[in-house]
Amino acid sequence: MKWVLWIGVGLVLLVGVVALIGSLLPARHRATRKARYRVAPDALYAVLAGPPDWRTGVKSFGALPDTDGRKRWWEEDTHRQKVTFELVEDKPPTRMAVRIADRGLPFGGTWTFEITPVAGGGSDLRIDEDGEIYNVIFRFMARFFFGYTASIEGYLRDLGVKFGQAVAIEA
């Protein structure tokens with residue numbers, strides 16, 4: 001029976017150390033990645049601005065009423081977590097910025113999409129994330145296990161699948 005107590009104490013200590021380290025990490029971070037696609041900027045922008053049915057992590061989605069003139073929508077991921085987004089900048093076909101509009105989540109931030117035409121056809125897409133992780137355990141996990149760029153890289157790969165091409169992701 002003593003070993004059960006020691007395991008419990010060990011788990012509590014482990015969570016405490018993880019929380020302590022997470023609290024020492026900055027809540028804000030900036031991450032960026034870029035990929036090239038063999039489609040024109042207009043076509044790329046249309047997919048980014050359209051429904052997210054091509055993304056593997058999105059189970060369902062829907063429109064919400066605009067707030068202060070900003071387009072809003074929700075997306076539900078494969079873990080049944082719903083997140084509300086709002087469009088904070090829209091300059092077709094070169095730039096778009098999307099912010100997480102839910103204040104009660106353990107994370108938040110903005111993704112800025114920059115599309116630039118490539119000589120000979122195609123487009124480069126750079127995604128800049130200005131993120132915040134409020135929960136110290138999530139902050140620890142993002143820094144040491146998942147990385148700050150994992151979501152961006154998955155998004156860029158899904159976009160490549162949408163266009164039927166493999167993409168090389170650059171920093």
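The discussion below concerns a predicted model and takes up its sheet, its salt bridges, its backbone and its surface.

Student: Which residue of β4 is the bridge partner of Trp74?

Tutor: The strands concerned are β3 and β4, which pair in the antiparallel sense over five bridges. For Trp74, the bridge partner in β4 is Thr84.

Student: How many residues apart are Glu153 and Arg33, which form a salt bridge?

Tutor: The closest N and O atoms of Glu153 and Arg33 are 2.9 Å apart, and a salt bridge requires such atoms within 4 Å. Glu153 belongs to helix α4 (residues 150-162), whereas Arg33 belongs to strand β1 (residues 28-37). The pair therefore links distant parts of the chain, with a separation of 120 residues.

Student: In the salt bridge between Glu76 and Arg80, which residue is buried and which is exposed?

Tutor: The closest N and O atoms of this pair are 3.6 Å apart. Buried means under 20% relative accessible area, and exposed means over 50%. Glu76 has 10% and is therefore buried, whereas Arg80 has 58% and is therefore exposed. The buried residue is Glu76; the exposed residue is Arg80.

Student: How many salt bridges does the structure hold, and which residues do shared partners join into one network?

Tutor: One of the salt bridges joins Lys91 and Glu89, with the closest N and O atoms 3.5 Å apart. Lys91 counts as partly exposed, at 47% relative accessibility. Shared partners join Lys34, Arg36, Asp124 and Glu170 into one network. The total for the structure is 14 salt bridges.

Student: Which peptide bond is cis, with omega near -5°?

Tutor: The place to look is the loop between β4 (82-91) and β5 (95-100), where Pro93 lies. The cis bond runs from Pro92 to Pro93.

Student: What is the phi value of Asp68, and what is that of Arg80?

Tutor: Asp68 is found in the loop between β2 (58-67) and β3 (70-77), and counts as exposed at 72% relative accessibility. Arg80 lies in the loop between β3 and β4. Each has a positive phi although neither is glycine. The value is near 55° for Asp68 and near 70° for Arg80.

Student: What area does the nonpolar surface patch that includes Ile7 have?

Tutor: Ile7 lies in helix α1 (residues 2-24) and is partly exposed, with a relative accessible area of 47%. The patch is made by Met1, Trp3, Val4, Ile7, Leu11 and Leu14. Its area is about 710 Å².

Note on methods
Residues numbered from 1 in each chain as written. Predicted model: local features only at pLDDT ≥ 70, side-chain atom pairs only at ≥ 80, totals over all residues. Heavy atoms only, no water. Salt bridge = Lys/Arg side-chain N within 4 Å of Asp/Glu carboxyl O. Helix = DSSP H or I, 4+ residues; strand = E, 2+ residues; numbered from the N terminus. Buried < 20%, exposed > 50% of the residue type's maximum accessible area, 1.4 Å probe, protein only. Pairing = 2+ DSSP bridges. Patch = residues over 30% accessible without salt bridge, like charges linked within 9 Å, V, L, I, M, F, W, Y side chains within 5 Å. Areas by Shrake-Rupley, 256 points an atom, 1.4 Å probe, with all protein chains shown as cover.
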